[in-house]
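Please look over the sequence and the structure below before reading on. The briefing that follows takes up a few places one at a time.

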Amino acid sequence: MEKENTGLLAGPDGVARCFWHGNLPDYLHYHDHEWGRPVADDRRLFEKICLEGFQSGLSWLTILRKRENFREAFANFEFDKVAAFTDKDVERLLGNAGIIRHRGKIVSTINNAKRAREMADEFGSLAAWFWKFEPGKDERPEIVDLAHLRANPTTAVSVRISKELKKRGWSFVGPTTVYAFMQAMGLVNDHLEGCVCRKQVEKERKAFKRPK
């Protein structure tokens, strides 16, 4: 059962976790092994920000369950390959029932791949660019609880990243989408206080070598 007002939910093993996985096996695995754990791989970062864009207006579970289809459709999110997609590829993707067939989001992904290549060339990697925005302690709450997350679907940092990305020509990267990306790729640790993964992720973050 979810602990009232804490946002924690006991898993099949009886251990408390963030509630949102709902004890669905694939969602639980994503919560335990991926969400919030720091990422420095450019391909994975590009995949994450693109899928967060596709998620806009939908549930993340819908995207998660289609992720392998997205990977197959978008050349495993290798942005050099995606950047070379043509109008013919757009039409191919619009006919792919395994992904979200939204023309604007598909075209955006191809555009963003081109922008990702430009940024990787300029900064050495996408990871180096994103990690320079890691919030300092003064920009983070002392305790991450359900009330804080509900009150903060965006943050000053996510607004800043969103503005910078848009200046560089990216699309479908609004502040809410960017904050979801920050949570997913470990730029912040938003596992709730009391979740079994919170201390695990914090340990990984301390050991993580920030890209430069």
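Which residue just after α11 takes a positive phi? That residue is G186, whose phi is about 85°. The model is a predicted one, in which local features need pLDDT of at least 70 and side-chain atom pairs count only at pLDDT 80 or more, whereas totals for chains, interfaces and linings use all residues. Residues are numbered from 1 along each chain as its sequence is written, and side-chain values use heavy atoms, with hydrogens and water left out.

**Helix α11**
- Helices here are DSSP runs of H or I with at least four residues, numbered from the N terminus, and α11 covers residues 175-185.
- Nine of the eleven residues of α11 are buried, where buried means under 20% relative accessible area with a 1.4 Å probe and protein chains only.
- The buried residues include T177, V178, Y179 and A180, and the buried residues of α11 pack against α1 (25-33), α2, α8 (126-131), α9 (146-151) and α10 (156-167), contact being heavy atoms within 4.5 Å.

**Helices α2 and α7**
- The axes of α2 (residues 42-55) and α7 (residues 103-123) come within 11 Å and cross at roughly 150°; these axes are lines fitted to C-alpha atoms over the stretch in contact, and angles run from 0 to 180 degrees between N-to-C directions.
- The two helices, α2 and α7, are therefore roughly antiparallel to each other, a term for angles over 145 degrees.
- From α2, the residues D42, F46, C50, G53 and F54 meet K105, I106, T109, N112, A113, A116 and A120 of α7.
- Sorted by class, this contact of α2 with α7 has seven nonpolar, three polar and two charged residues, where Ala, Val, Leu, Ile, Met, Phe, Trp, Tyr, Cys and Pro count as nonpolar, Asp, Glu, Lys and Arg as charged, and the others, Gly among them, as polar.

**S162 in helix α10**
- S162 is found in helix α10, and S162 counts as buried at 1% relative accessibility.
- The side chain of S162 reaches the backbone oxygen of V173 at 2.6 Å.
- Leaving aside neighbours within four places in sequence, S162 is in contact with V173, G174, P175 and V178.

**L28 in helix α1**
- L28 has its place in helix α1 and is buried, with a relative accessible area of 13%.
- Not counting residues up to four places away in sequence, L28 touches P12, R17, H21 and N23.
- From C-alpha to C-alpha, L28 and F74 are 25 Å apart in space, and they are 46 residues apart in sequence.

Notes
Parallel < 35°, antiparallel > 145°, perpendicular 65-115°, else oblique. Buried < 20%, exposed > 50% of the residue type's maximum accessible area, 1.4 Å probe, protein only. Polar contact = N/O pair within 3.5 Å; in protein donor to acceptor, adjacent residues only side chain to side chain.
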